[in-house]
Structure formats: structure tokens, C-alpha cells
Amino acid sequence: MTQQHTVGSALKRDITGPLLFLFILGDVLGAGVYALVGTIAGRVGGVTWAPMLLALVLALLTAASYAELVTKYPRAGGAAVFAERAFGVPLVSYLVGFCMLAAGVVSAAALALAFSGDYLSVFLDVPPTAGAAVFLVLVALLNARGIKESLRANVVMTAVELTGLLIVVVAAALLLGRGEGDPGRALSFGEGVDPLPAVLGGALLAYYSFVGFETSANVAEELREPSRTYPRALFGALAAAGVMYVLVGTAASVVLPAERLAASSAPLLDVVAASGIAVPGWLFSLIALVAVANGALLTMIMASRLAYGMGVQGLLPGAFRRVLPRRGTPWAAIAATTAVAVVLTTTGGVVVLAETLVLLLLFVFLSSNIAVLVLRREPVSHEHFRAWTPLPVLAVLSCLVLLSQQSAEVWWRGGILIGAGALLYAVARLTGRRPGAPGREDATADGVSPAAAEDASGRTGLGG
């Protein structure tokens, strides 16, 4: 099964199932959970686990579509590949790919600013934009060294992230063991809270903490036996993250009332401090920095692989197809995405960039959930995961609900970015370069055209 998916790939297949599981888990957990619990508690009270469970269900709906599409077409490019095959309209596939690419770079810029902000100032006081630029360059160097090295670093950083969250859970357990804390708070809504709207509103917020699983679609071309390992790693990582979120949220509610959690900018640090465990503040700051760095590394892996895949398809200039001969990493795509991320760190703060990221990703998810239904009419020669048909339909509805919750300012900023992508497309057409992907009739079973396969393998000596 492995060999049938390696045709035409210039990238090394170094990602095993366990590495992919940790890749997705590290990207989903990220840095958001360290600040998100307090905001959710402010909306629902102590029942933080309810919106987190609902958010997990919403994320799994779209994840089911990705499991089918990635195992059916296991190649770099992700959502752009799916849109091209489903809709056959170059502009649509270009904009889907551009939204995904823009979201990844915007996310990296936001994470870089978060890294160089208050957490870093505990150890080193530097201007945020300067610190963000240096941080992004270091991430790019690790990314260019190799996918295996990058994901090994992810294993270590994910372990650190999980350790910090486990400290919170253990702290609450020890507090309960001493007969302190209030377990009843975990079953109580806030005063004057209407349960149904509150849980829905909290779930819409908690959903953002599950964003990140989609980045795994862009390393499918570097995955061993994707049809078997991808669904297991994807659903397993989301389930593990969901369990951890529920445990952490419940622990926080047991230790502190919702009002104190909502008023804190570092709720988990406050939980640990209130539990009486002797964990210094600098240690939690270090854990938060590792969490942010891990998210940035995984996001830039996604962005560079997506830019590479779009270059192979003709959705971006051919220069993006260049890879390091020995390392097998897309150096040109890494350099370009890093440069754009550095520029973005000078244009806005973390909150503005994060909200724009969510809007862009919802358009990508909407496209992919529709694509999985359209592509049911196109069989492939290898086995792949197949989602139950109602799941992508429900996923489309969930995306529309989430889009309806975005503010006018976020729509305005997202519209500018999408408009910039459309302008680049128009310029390419006017200058004679036709953006678009190879026709489906010229593609192999894994979605790679013979011409692109020959070009990629001949250029790097790593094909097949």
C-alpha cells in the first residue's frame, strides 16, 4: 500500500503513525488552552466541560471529511487539492489554498508575537516584533533541517505541554484529597446564565482550541501508509485533546470559582497557585513558551508544505517546488512563508491575527466538507477511509453557524486578505501564467500528475 502512494513525491516519507499522532496533538493543544479556560468559565460558569465536549463533536465532524479526503488523495496541498478535484474551477481551488496558506502564516505571526510578549519577558526583555522575527527565523531553520527532526522536536515540546496540563489536573486532585475545593462547581452554571445559549456560545469559543488538526493534511505526502495510519492518528489526537481539555476545565472549576477564572489572564497559573503546590511562576511561563513554540513550528511545517504543493499544482510560481537535495525539505516555500510571517508581526496584535485566522479556516473547512460529498462520484484504486454521509452535511452546517458569529471587523480583515489572493490570481492570468491544477484525467491515483511527478523526481533525485 505504501508504494502506490509514493509515485511522484519529492518529499521523504519519514512520518510514522505515532509521529503523526503527536504532530496533531501538539498542534491542537497549542497555547490557547492556557488562557481559554477562564474565558469559557466566564460564559457558562463552572460547567466548562460541556462546551468543550460540544466543540470536540463539531471538530470531529470536519475531521471525518479530512480523514476521507486525505486517505483518498494523500499528497501535499491539502484543501487546495480537494477543492480542485471536486469543483474543477481554478479560481476556487486557488482561493481555498490561499486561505489555508494565509491562515497558516497569520497563525505563525500571532504565535511569534505571543512568544515574544509577556511570557518571554520573564526571562528576557526584548521588543516584541524583534523577538518575533528572530523566533520565526529559528523555526524556519529547524523546519528546513528536515521533517523528521522537526517532528522529533515536536515530540519533546508536546510532552512539555502535556506535563503543564497534567500539573493542573494533579493539583486539583491533591486539593480534593485534602478535603478542599468544591466539586459541585463543576456541575453549576453561572448565576443568571441560560444553559443552552451559554453552552453553545462557549462551544463556539472552545472550537477554536481544536483548530490545528487540518494542518496534518499537508504532510500526507510524507506519511507512511496514510490510508491506515491517518484516521487513527487524527481521531486519536482529537479525542486525547478533548479529554485533556475536559479534565483541565473541570480541575480549574473545582479549585477556583468561575468569577476568578474569568478575571485572570493566566487562569491555569492561578489554579496551580491556589492549590498550594510549590510550582514557581517562571516554570509555568517556560511551559507556555514551549507550547507557543510548538504551535508555531507545526504551523510553519503546514504552511511550507502547502506552498510546495500549490507550486507543484501550478497554483503558485514554480519556484515553490524547490527542495533541498539531501534534506528533501521545500526550502523555497519555507523561506517565503517565513518572510511573510515576519512582515505580518508588524501589522497587528495577537488577538486581531488570531480572529482573522479563524475566519479564513472556516472557509477552508466549508470547502473541504462540500468537496468530500462531491468526490464520492470519483473512485480510486486503493482503500481509504469513508465518512458516514450525514457527517459532512452536519459539518457544513457547523461551519455556517461559526461564520455567523464573526464580527464585522474580522470579516473586513479577512476580506482584504482574500481580495489580495484574488488579485494575485488575476495578475497571474494577465501575465500569461495560468494558475490551476492538472486536470483529473492526467492525474495518478494519488492525485499527482505524471508531468509533475517526473519533474519533481528528476529535479531532486528523491522521487518514488
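These notebook entries record what I looked up in a predicted model of a protein.

**Entry 1. Basis of the model**

I number residues from 1 along each chain as its sequence is written. Because the model is predicted, local features need pLDDT of at least 70 and side-chain atom pairs count only at pLDDT 80 or more, while totals for chains, interfaces and linings use all residues; side-chain values use heavy atoms, with hydrogens and water left out.

**Entry 2. Overall composition**

I looked up the secondary structure and found 18 helices and zero strands. Helices (H or I, at least four residues) and strands (E, at least two) are DSSP runs, numbered from the N terminus. Of the 464 residues, 55% count as buried. I take buried as under 20% relative accessible area, exposed as over 50%, and partly exposed as in between (1.4 Å probe, protein chains only). The accessible surface comes to about 17600 Å², and 67% of it belongs to carbon and sulfur atoms. These areas come from the Shrake-Rupley method with a 1.4 Å probe; for residues, only the protein chains shown count as cover.

I then looked up contacts, meaning heavy atoms within 4.5 Å. Among those between residues at least 6 apart in sequence, 85% join residues at least 24 apart.

I checked the length of two helices against the expected span, which is 1.5 Å times one less than the number of residues. Helix H3 (residues 49-72) has 24 residues and should span 34 Å; its end C-alpha atoms are 34 Å apart, which agrees. H3 is mostly covered, with 19 of its 24 residues buried.

**Entry 3. The nonpolar core**

I define a nonpolar core as a set of buried Ala, Val, Leu, Ile, Met, Phe, Trp, Tyr and Cys residues joined through side-chain atoms within 4.5 Å. The largest one has 139 residues, and those with the most contacts inside it are Ile-24, Tyr-66, Tyr-207, Phe-210, Phe-213 and Leu-234. Helix H13 (residues 281-313) gives the largest share of this core, 19 residues. For Ile-24 I listed the contacts, leaving out residues up to four places away in sequence: Phe-213, Ser-216, Ala-233, Leu-234 and Ala-237.

Ser-368 is found in helix H15 (residues 350-374) and is buried, with a relative accessible area of 0%.

Leu-261 is found in helix H11 (residues 258-262) and is buried at a relative accessible area of 1%. With residues up to four places away again left out, Leu-261 touches Gly-38, Ala-41, Ala-252, Ser-253, Leu-256, Pro-267 and Val-271. Leu-261 and Gly-45 are 216 residues apart in sequence, yet 9.4 Å apart in space, C-alpha to C-alpha.

**Entry 4. Salt bridges**

How many salt bridges does a search of the whole structure find? I recorded five, each being a side-chain nitrogen of Lys or Arg within 4 Å of a carboxyl oxygen of Asp or Glu.

Arg-376 pairs with Glu-68, the closest N and O atoms being 2.8 Å apart. This pair links distant parts of the chain, 308 residues apart: Arg-376 is in the loop between H15 and helix H16 (390-403), and Glu-68 is in helix H3. Arg-376 is buried, with a relative accessible area of 19%, and Glu-68 is buried at 2%.

Arg-85 and Glu-378 meet in another salt bridge (2.9 Å, N to O). Arg-85 lies in helix H4 (residues 79-87) and Glu-378 in the loop between H15 and H16, so the pair ties together parts that are 293 residues apart in sequence. Arg-85 is buried at 7% relative accessible area, and Glu-378 is buried at 15%.

Arg-178 and Glu-180 also form a salt bridge (3.3 Å, N to O). Here Arg-178 counts as partly exposed at 45% relative accessibility, as does Glu-180 at 38%.

**Entry 5. A surface patch**

Val-122, Phe-123, Leu-124, Trp-282 and Leu-286 make a nonpolar surface patch of about 480 Å². Patches are made of residues with over 30% relative accessible area and no salt bridge: like charges are joined within 9 Å, and nonpolar side chains (Val, Leu, Ile, Met, Phe, Trp, Tyr) within 5 Å. I located Val-122 in the loop between helix H6 (118-121) and helix H7 (128-145). Val-122 is partly exposed, with a relative accessible area of 47%.
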